[in-house]
Structures are given as C-alpha cells and as structure tokens.
Amino acid sequence: MKLNIAILPGDGIGPEIIEQAMKTVKAVANKFNHELKYEYGLTGATAIDQVGDPYPAETHELCMKSDAVLFGAIGDPKYDNNPKATVRPEQGLLAMRKKLGLYANIRPVETFKSLLHKSPLRRELVEGADFVCIRELTGGIYFGEKGRSEDRNTAFDTCTYTREEIERILKLGYEFAAKRGKKLTVVDKANVLETSRLWREVAQEMEPNYPDIKTEYMFVDNAAMQIIQWPKNFDVMVTENMFGDILTDEASVITGSLGLLPSASVGIHTSVFEPIHGSYPQAAGKDIANPIATILSAAMLFEYAFGLLDESKVIREAVAASMEAKIVTEDIAEGKAYKTSEVGDWIANYISK
Ligand code: IPM
Ligand code: MG
C-alpha cells in the first residue's frame with residue numbers, strides 16, 4: 001500500500017520524539033512492504049520564527065494532500081509567559097484542527113502491566129483500567145467569540161455548540177461504545193451551562209437509538225473525581241473540548257506517565273496523530289523525553305488512517321516488549337534510564353527482526 005504521510009515535528013521535544021516514531025514507521029513499512037512517502041512541514045513556534053505563521057498555508061496544503069499527519073508537539077515558554085503576544089504557537093494547532101475539520105479527538109487510556117507501580121494510584125484501583133475519551137475538538141470555548149472591552153479590563157470567551165456538532169461527536173461515541181464495553185458516559189456541566197444542557201438534551205434524544213448501550217450522564221467535576229477513584233468504571237467517555245482537554249491530562253497520569261498516551265484527531269479531512277502531552281521545552285534537545293506516546297500515535301495512524309491493524313499491533317507489541325525489557329526513559333525508569341533515541345532504536349529493531 002502507498003502511505004503518504006505529512007510529518008509536523010513542531011516545537012520543544014517534538015523533533016526528537018517524531019524521529020523515534022519515524023524509525024518505527026519505517027521499520028513497519030519495510031516489514032509489511034508498504035511504499036512510504038513522507039514530507040516535513042512547519043508548525044508552531046518554529047514556524048512563527050521561520051515564516052511568521054504558526055500554521056502556514058504551505059503546511060495546510062501538505063496536510064490536505066497527505067493520507068495522514070504525524071504531529072509532534074507545540075508550544076514555547078517565550079509565549080507562555082507573554083500574555084500580550086499576538087501570534088501564539090497554539091494558534092497553529094487550533095487552526096490545523098479547524099481547517100482539517102478534525103472534530104473528534106480520540107484518546108485511549110490504557111495501563112501497561114509493567115508500569116503499574118509508577119501510577120500515583122494504588123495498583124488494585126488502576127490495574128485493568130481501559131477507557132477511551134472522545135473529546136470534541138473544533139467547538140466550544142476554544143473557538144467561540146472572544147475579546148476585550150475597550151478599556152481592556154474586561155475579557156470574555158464564549159462557549160457555543162450547535163446540535164449538529166453535538167450529534168456527530170455523540171454518534172462517534174456510540175460507535176466506539178458498541179465496539180467496546182457498551183457503555184457511554186456523557187460528561188457535561190448541565191447543572192450550570194446552557195451548552196451542556198443542549199448536549200444532554202441531544203444525548204437523551206439519541207439514547208433510544210442505541211438500546212444495547214448504557215448511557216450515563218456525569219457532571220465534569222464528578223468525572224474528574226471518578227477518574228482517580230474508579231477509573232475501571234469508564235468505557236467510553238464523550239465530552240466537549242475544554243473538559244476533554246483537562247480530563248485527559250488527568251487520565252494520562254494514572255497510567256504512570258504523561259509521556260505514554262497517544263491520540264487520533266479525526267473528522268472531515270486528513271486525520272492527525274499526536275501524543276497528548278506538550279512540547280516539554282525543559283527537555284528539548286537532551287534526548288531524555290519519552291517517545292512512547294508518539295510511537296503509539298504512529299500505531300493509531302496505521303489503524304485509523306489506513307485500516308492496517310496488523311501493522312498497528314506490531315508497534316503496540318514492540319512498545320510493550322520495550323517496557324518488559326526495561327528499555328525506558330527516565331520518567332518511568334527504575335534502574336538505568338535509556339535515551340529517547342535508544343528507546344526508538346530498540347523498538348524499531350524489535351519490529352525489524
Ligand atoms: C492538547 C493541548 C492543546 C489543547 C494546546 C497545546 C492548545 O493541550 O492537545 O491537549 O489545549 O488542545
Ligand atoms: Mg491538553
């Protein structure tokens with residue numbers, strides 16, 4: 001099969017973790033005789049520095065003509081502490097999501113047996129936890145009208161959702177639940193927010209169409225608590241953009257490290273595969289960051305963009321093997337910590353042999 005992939009390393013540790021994921025992608029393409037074609041594009045602070053735009057038109061064209069996008073990370077501390085910056089790296093990521101119509105961000109939360117002792121939760125609470133968070137990605141407060149008063153002392157961000165936006169993401173949630181544990185948890189704040197009441201109204205209307213699936217409604221504050229208290233009770237969780245952003249950072253650490261969880265953003269145009277963590281600027285260039293979340297994002301790429309399930313499985317098995325063999329970076333190492341590049345090499349070799 002022809003695999004035509006756009007590679008957007010982005011900022012911070014982005015380039016190093018992408019390099020490891022690409023070793024994996026090449027090893028898999030070789031093993032299964034796929035014809036791999038890939039091209040690099042600029043995004044984030046790196047793109048602002050070079051061309052003044054965090055998501056240049058050229059990068060968008062590259063994404064549009066590719067079959068899948070593998071994305072590293074975005075963000076730079078020089079913008080984080082400057083609320084007055086008018087162009088920000090994150091705008092590149094948001095523009096990419098919006099322009100590619102990526103309305104659903106799929107974030108699987110799985111634990112690794114060999115890492116359970118690294119979880120901040122007790123083993124018996126977290127062992128076997130396995131759920132998917134489906135985060136709405138192109139609506140809500142991230143994209144609503146925002147602004148300042150004339151004297152600039154009052155600011156606002158608006159959260160808006162249409163019925164259509166809610167329906168399409170809930171539909172995806174139900175499809176996932178049907179293939180998994182037949183339970184869908186709709187997370188909202190319907191006791192306070194009008195948008196949440198619309199979410200709940202739409203979900204209640206759709207519920208009878210999925211009689212095999214148990215629909216559960218949960219306020220977001222309660223969900224934040226239940227993720228750490230009973231993570232095994234979740235199967236598929238569906239929620240709006242900002243709630244999903246926050247809850248998935250929380251969910252990721254119960255697996256032992258933020259550096260482990262991949263994601264797929266899907267929708268209208270080319271799908272994007274990226275780790276859920278950020279650009280970790282403190283580690284940039286040091287060869288210490290955990291490449292697993294990006295390597296597992298490549299596994300999702302084979303599955304979701306190409307329907308290549310064996311290829312995806314081979315990557316996940318290689319990742320599990322690297323953990324069993326304790327070839328891991330410092331964030332999860334017990335004894336010796338391996339470099340980012342050593343972990344990448346080990347996993348690519350494991351796949352090739
Ligand atoms: C994520 C990130 C982004 C988001 C940032 C970098 C804009 O936190 O993908 O979760 O908030 O969506
Ligand atoms: Mg986030």
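Reader: Hi! What is the handedness of the crossing where α1 passes α11?

Author: Right-handed, that is, the near helix is turned clockwise from the far one by less than a right angle. This is a predicted model, where local features need pLDDT of at least 70, side-chain atom pairs count only at pLDDT 80 or more, and totals for chains, interfaces and linings use all residues. Residues are numbered from 1 along each chain as its sequence is written, chains are lettered from A and ligands numbered from 1 in the order written, and side-chain values use heavy atoms, without hydrogens and water.

Reader: Thanks! At what angle do the axes of α1 and α11 cross?

Author: Roughly 40°, with the axes of α1 (residues 14–31) and α11 (residues 292–306) coming within 8 Å. Helices here are DSSP runs (H or I, at least four residues), and axes are lines fitted to C-alpha atoms over the stretch in contact, with angles from 0 to 180 degrees between N-to-C directions.

Reader: Which residues of α11 make the contact?

Author: T294, I295, A298 and F302, meeting α1 residues including I17, A21 and V28; contact means heavy atoms within 4.5 Å.

Reader: Switching topic, which residues are around ligand 1?

Author: E90, L93, R97, R107, R135, Y142 and D245, each having a heavy atom within 4 Å of the ligand.

Reader: How far is the side chain of Y142 from an oxygen atom of ligand 1?

Author: An N or O atom in the Y142 side chain is 2.5 Å from that oxygen. For D245, a side-chain N or O atom is 2.9 Å from an oxygen atom of ligand 1. A polar side-chain atom of R97 lies 2.7 Å from a ligand 1 oxygen atom.

Terms used
Helices (H or I, at least four residues) and strands (E, at least two) are DSSP runs, numbered from the N terminus. A polar contact is a pair of N or O atoms within 3.5 Å; within protein, one must be able to donate a hydrogen and the other to accept it, and residues adjacent in sequence count only if both atoms are side-chain atoms.
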